[in-house]
Amino acid sequence: MTGADGLLGTTLVPLWRKAGADVIGWTIADFDIRDADATRRTVVAARPEVVVHAAAYTAVDRAESEPDVAMAVNRDGSANLCRPCRDVGARVVYVSTDYVFDGAALAPIPPDAARAPLGAYARSKAEGERAVAASGCPWTIVRSQWVFGPGGPNFVDTVRRAAREGRSLRVVDDQVGAPTSTRLLSEGLWGLTRRGASGYWHLAAAGAASWFQVARAVFAAADADPSLVTPCSTAQAGRAAPRPAYSVLDCGATSTALGVPLPPWAEHVTAYVRLGRMPGIGLLAEDA
Ligand SMILES: NC(=O)c1ccc[n+]([C@@H]2O[C@H](COP(=O)([O-])OP(=O)(O)OC[C@H]3O[C@@H](n4cnc5c(N)ncnc54)[C@H](OP(=O)(O)O)[C@@H]3O)[C@@H](O)[C@H]2O)c1
């Protein structure tokens, strides 16, 4: 796995190891994916069967002022990784994002919908997808969204901290998606990989909510007063990067392939805020 010390990797690597996989967790200290030679050397020496490719430039707002850096990591770095994977016959499972869509959809977005990225990060991830799909290695592109968990900064943790400190928050009410736990994502990726899934897949929690609704749910789960959270618009929030207004992913095919229903977002958000852990989704042992 690339990006092994990031938000997703922190949950995925130990979970997959407990499930019996022989996982090598690569971080930027092992190789920078912009360095094609170092990437090739390391991948060829490891001879993996599958590479979960989660390493990415993920600073959505900062990318607006350094789009070339985002593109070098997310497009060119992905191409650098795929070339040696093709040569050793490894499948690349590329973790991608709902931000490749423009938010104009009126219903959950199917995996074969056309990409229409709005910002610099989104464009670089969309180009990363193209690079993976054109690379000649076996590939799987799994898009997720609004990820939270114990491995790095994320919205649910930020709001939980505000709830515990009794602070009030203004949160955007005109972007709709589904917060997805690193546990759900790691377990779903396991299921798709074990089943040899290829092509495009969507993997996120069930249901839909605005960031504002999620923040209120976090406050409620933390036994704080939800009325401390008030709504604002994306324009009022004044972030550098544009974001999709509606990016709920249609995960029906994924759920069918996995043979389990994907849990509603509130289930994992509530468990995470209350207990600090996220339940499994039925593909791996609950205590894994
Ligand atoms: N978080 C979300 O809400 C979300 C939603 C949808 C999709 N995704 C996708 O899911 C994947 C994992 O996201 P995440 O939330 O776990 O992100 P993250 O916490 O930012 O982790 C990304 C990892 O990639 C590493 N990295 C960055 N540049 C690199 C480079 N040039 N060479 C090698 N490694 C590099 C980072 O290392 P450093 O920290 O040392 O830079 C970090 O460990 C990403 O591809 C992201 O686009 C995330």
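The chat below goes through the ligand site, some helices and a few single residues of a predicted model.

User: Before we start, what should I know about the model and its numbering?

Analyst: This is a predicted model, in which local features need pLDDT of at least 70 and side-chain atom pairs count only at pLDDT 80 or more, while totals for chains, interfaces and linings use all residues. Residues are numbered from 1 along each chain as its sequence is written, and side-chain values use heavy atoms, with hydrogens and water left out.

User: OK, which residues come nearest to the ligand?

Analyst: Asp5, Asp32, Thr58, Tyr121 and Lys125 come nearest, out of the 24 residues around the ligand, where a residue is counted as near if one of its heavy atoms lies within 4 Å of the molecule.

User: And which polar atoms lie by the ligand's oxygen atoms?

Analyst: A polar side-chain atom of Asp5 lies 2.6 Å from an oxygen atom of the ligand, and a backbone N or O atom of Leu7 is 2.8 Å from a ligand oxygen. For Val95, a polar backbone atom is 3.3 Å from an oxygen atom of the ligand. A polar contact here is a pair of N or O atoms within 3.5 Å; within protein, one must be able to donate a hydrogen and the other to accept it, and residues adjacent in sequence count only if both atoms are side-chain atoms.

User: How much of the ligand does the protein cover?

Analyst: The ligand on its own has 900 Å² of accessible area, and the protein covers 78% of that, with areas computed by the Shrake-Rupley method with a 1.4 Å probe, and with only the protein chains shown counting as cover for residues.

User: Which elements give two or more residues to that shell?

Analyst: They are helix H1 (7-18), strand S2 (91-97) and helix H4 (120-133), and S2 gives the largest share, three residues. Helices (H or I, at least four residues) and strands (E, at least two) are DSSP runs, numbered from the N terminus.

User: What kinds of residue make up the shell?

Analyst: The shell divides into 13 nonpolar, seven polar and four charged residues. Ala, Val, Leu, Ile, Met, Phe, Trp, Tyr, Cys and Pro count as nonpolar, Asp, Glu, Lys and Arg as charged, and the others, Gly among them, as polar.

User: Changing topic, is helix H6 enclosed or open?

Analyst: H6 is largely enclosed by the rest of the structure, because 12 of its 13 residues are buried, where buried means under 20% relative accessible area, exposed over 50%, and partly exposed in between (1.4 Å probe, protein chains only). Among the buried residues are Arg183, Glu187 and Trp190.

User: What span should H6 have?

Analyst: At 1.5 Å a residue, the 13 residues of H6 (residues 182-194) should span 18 Å, and the end C-alpha atoms are 18 Å apart, which agrees; the expected span is 1.5 Å times one less than the number of residues. Just after H6, Gly196 takes a positive phi of about 70°.

User: What covers the buried residues of H7?

Analyst: The cover includes helix H5 (155-164), strand S5 (169-172), strand S9 (209-210), S10 and helix H10 (265-275), and the buried residues of H7 include Trp211, Phe212 and Val214.

User: Last one, what does the side chain of Asn80 reach?

Analyst: It reaches the backbone oxygen of Ile33 at 2.8 Å, and the side chain of Asn80 also makes a polar contact with the side chain of Arg83 (2.5 Å). Asn80 is found in helix H3 (residues 67-88) and counts as buried, at 8% relative accessibility. Not counting residues up to four places away in sequence, Asn80 touches Ile33, Arg34, Asp35, Ala36 and Thr39, with contact meaning heavy atoms within 4.5 Å.
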